[in-house]
Amino acid sequence: MNLNSHLVQRMLRLPPPLTRDLTIERGLRVPMRDGAVLLADRWAPKTGGDGLPTALIRIPYGRAGLAAGPMARPLAERGFQVLIQSTRGTFGSDGPFDPLRREREDGLDTLEWVIGQPWFGESMILYGSSYLGFVQWAVADAVPPQVKAMIPGVSESALTLDFLRGDGFSLETPFVWGVQVAGQERPLAMPRQLLKAKKVQRALRTLPLNQADTAALGRRDDYIQSILAHDAGSPFWQGLDHRHRVAGIQVPVSSVGGWYDIFLPGQLRDHRALQDAGHSLVRLTVGPWAHISMGVGQTAAAEALDFGLALARGEEPAERAPVRLYVMGEEKWRDFPSWPPPGYEPRRFHLQPGGALSTETPADSPPDGYRYDPADPTPALGGVRMAFGEKAGRVDNAALEARPDVLTYTTSVLDEDVEVIGEVSAEIFFRSSLPHADVFVRLCDVDADGRSTNVCDGLVSLTGADELTPATVALWPTAYRFARGHRIRVQVSSGAFPRYNRNPGTGEPRATAATLHTADQQVFHDPRHPSAVLLPIRRPRRQASS
C-alpha cells in the first residue's frame, strides 16, 4: 500500500481490516450492448474473495491512484470484493468520453456482466461520490435484485443541470471540471492541474466565454462549449436527467452530502422524492463539508461498511434515524425523522432602513443603492466552490462586506439562540438601471467579536429588472444555530464571480456576450415592498408539541 492510501485510511477511521493481503485483476474486459468494451479492475482478498459481496465503482478518473485505490482498498480489506470500472472513453475503455450521456446503458450492461461472473456471489452494492454517484442514480430504478444498496455521495440525479439554469448560470464548477477531465490522462496530470489553477481562473474572465476553453487548454473543448450553448431545459441534455426515475427506486439508499456542496439542493430533492414515495429504507447524512472535503469520503465509506455490507449479507443495518444532520453553530450531529425536519416554520426577517434586519415590517424609507460593474465583478468568497486553490465553506466575510457593491442588513444582538434548519429563501424588491441583472443573497452569522461568517447563499438572474421586481432567491438549504449574543446578517449584491457568471447587463447569450455594462441597482424595504429573507425557525417546544 502506498503512503497516500495509508493516510486516507487513517483519516477515515474505519474498523480494523479483515485482511491486507489483496489481489488485483487488472484490465477485465466488460462488453457493452453496442460492441464497446470497458475496462475494469477487480480487488479481492487473495484467500476467500470469490463469493463475497461486490461493491461496484464506475469512475471516469482512472482505476488507480488517489481517485480509485483509496476507495477500493478499504472496502476490499473489510468484507467486499470491489470492481472498479473506467467509464466509456476514459483510461482504456472504448469510445469517446461524452460526459454523463451513456451512463444508464453502460451501467445496466455492467451490472448484467458482473452478475454472470464466476466470482460473483449473491449480492452487490453501488458506491461512489460525485460523478460516481450520478452513475448510480442513472440506473437505480432498473437494477437487478442482486443489488442490495446504493451509497451515493455529494451527487444527484441530474448532475450538471442545476449549474445551467437560465436564471442563474453557475460558471466555475462545470468549466473547471471540463478543463480537469480534458487533461486528466496526460502524464503528471494532477501537478499540471495545480500549476495551472491561476491560469484557469484567469480564463474565466475571457470574453466572449466561448473562447475561455482555448485560453485554458489551448484548444476548443466539446463539453465546455456545450455548457455555454445549452441551458438546463434544452433537449440537448434530455438523456442526462434522471430526476423522473427517483420516485420509482426500490433499492435501499444511503446518501451523504455537505452543506457547502455544489450538488446539495438536488441531492435533497432526490432524498425527498424517495421519502415522499414511501421508500422503506432511505438514509440521509449531511455534514459541514464542501464537495471534496475528507469528511464526505469518511462518512460514505462508513455507510458502505455499515449500511451496505449488512444489507448485502442479508442482515439489518444498525438502527439510526432516517436523517442525520450536522447543525453548524451548535457544532453537533443531530437526528431527525425526515427532510425538511418537522417543527420548523418560515419566518420573515425584513430588510430595514439603516442596514437593520428584524421581523418587524419595515418603515417608510427610500431604497438603498449600489453600482455593479461586471468589469470588476463582486467576487465569490468561500461557500459553494469546487476549484483548485479556492477555499470553500465558512470564511471571514469582512473583505466582501467592505466592498461598495455589497449591502448588509444585520439584526440586533440575539437574546436567545435561533435555530434554522431547512430550505432558505429571500424575496428582494429590486430595480436596476438595466433590464438584465442578478440578485445574490447571502446569510451570515456575526459573532460577538464582529466576525461575519457565511452560512448559505444563492443567486437569481432577472429579465425586466429595470421595472421594480420582487426577486425570489433560493439559497442553499442549511442547518445552523445562531447563538445568543451573535447577530444574523443578510448580504445583497449582484454577483459572486466566478462561481456564477457575471451578468454583462446586455441580455446577450452567455457564450458570445462581449460587452459589459455597469448597472445602478436599488433594493427596496418599505411597507409596500417588504424585502426579506425567509428562515425556517424552530418553533418553541410548547408550540411544536401542541
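Two ground rules. This is a predicted model, where local features need pLDDT of at least 70, side-chain atom pairs count only at pLDDT 80 or more, and totals for chains, interfaces and linings use all residues. Residues are numbered from 1 along each chain as its sequence is written, and side-chain values use heavy atoms, with hydrogens and water left out.

Sheet first. Helices (H or I, at least four residues) and strands (E, at least two) are DSSP runs, numbered from the N terminus. Two strands pair if DSSP finds at least two bridges between them. In general, strands of a sheet pair through backbone hydrogen bonds, either parallel or antiparallel. Here, four strands make an open sheet in the order β16-β23-β19-β20, and the pairing is antiparallel. Which strands sit at the edges? They are β16 (407-410) and β20 (452-463), and each pairs on one side only. On average, neighbouring strands of this sheet are turned by 20 degrees against each other, direction ignored. For such angles, axes are lines fitted to C-alpha atoms, for helices over the stretch in contact, and values run from 0 to 180 degrees between N-to-C directions.

Zoom in on one pair. β16 and β23 (residues 487-493) run antiparallel and are joined by four bridges. Find Tyr409: its bridge partner in β23 is Val490.

Next, the hairpin. Strands β11 (residues 323-327) and β12 (residues 332-336) are antiparallel, with five bridges between them. Tyr326 has Trp333 in β12 as its bridge partner. Four residues lie between the two strands, and Gly329 in the turn has a positive phi of about 85 degrees. Glu331 is in the loop between β11 and β12 as well. Its phi is also positive, near 55 degrees, and Glu331 is not a glycine.

Glu331 has 37% relative accessibility, so it counts as partly exposed.

Compare Leu100, in the loop between β4 and α3. Leu100 has a positive phi of about 75 degrees, and it is not a glycine. Its relative accessibility is 2%, so Leu100 is buried.

Thr87 lies in the loop between β4 (81-86) and α3 (103-115). Thr87 is buried too, because its relative accessible area is 0%. Leaving out residues up to four places away in sequence, Thr87 touches Arg58, Ile59, Pro60, Ser93, Phe97, Glu103 and Tyr131. Contact means heavy atoms within 4.5 Å.

Now helices. In α2 (residues 69-76), eight of eight residues are buried.

How do α5 and α9 pack? Helix α5 (residues 172-182) meets helix α9 (residues 222-229) at about 165 degrees, with axes 9 Å apart. That makes α5 and α9 roughly antiparallel; the cut-offs are under 35 degrees for roughly parallel, over 145 for roughly antiparallel, 65 to 115 for roughly perpendicular, and oblique for the rest. Pro174, Phe175, Trp177, Gly178 and Val179 of α5 make the contact with Tyr223, Ile224 and Ile227 of α9.

Last, two cis peptide bonds. One joins Leu207 and Pro208, with omega about -10 degrees. Pro208 lies in the loop between α7 (197-203) and α8 (212-217). Another joins Trp339 and Pro340, with omega about -15 degrees. Pro340 is in the loop between β12 and β13 (344-351).

Methods
Buried means under 20% relative accessible area, exposed over 50%, partly exposed in between (1.4 Å probe, protein chains only).
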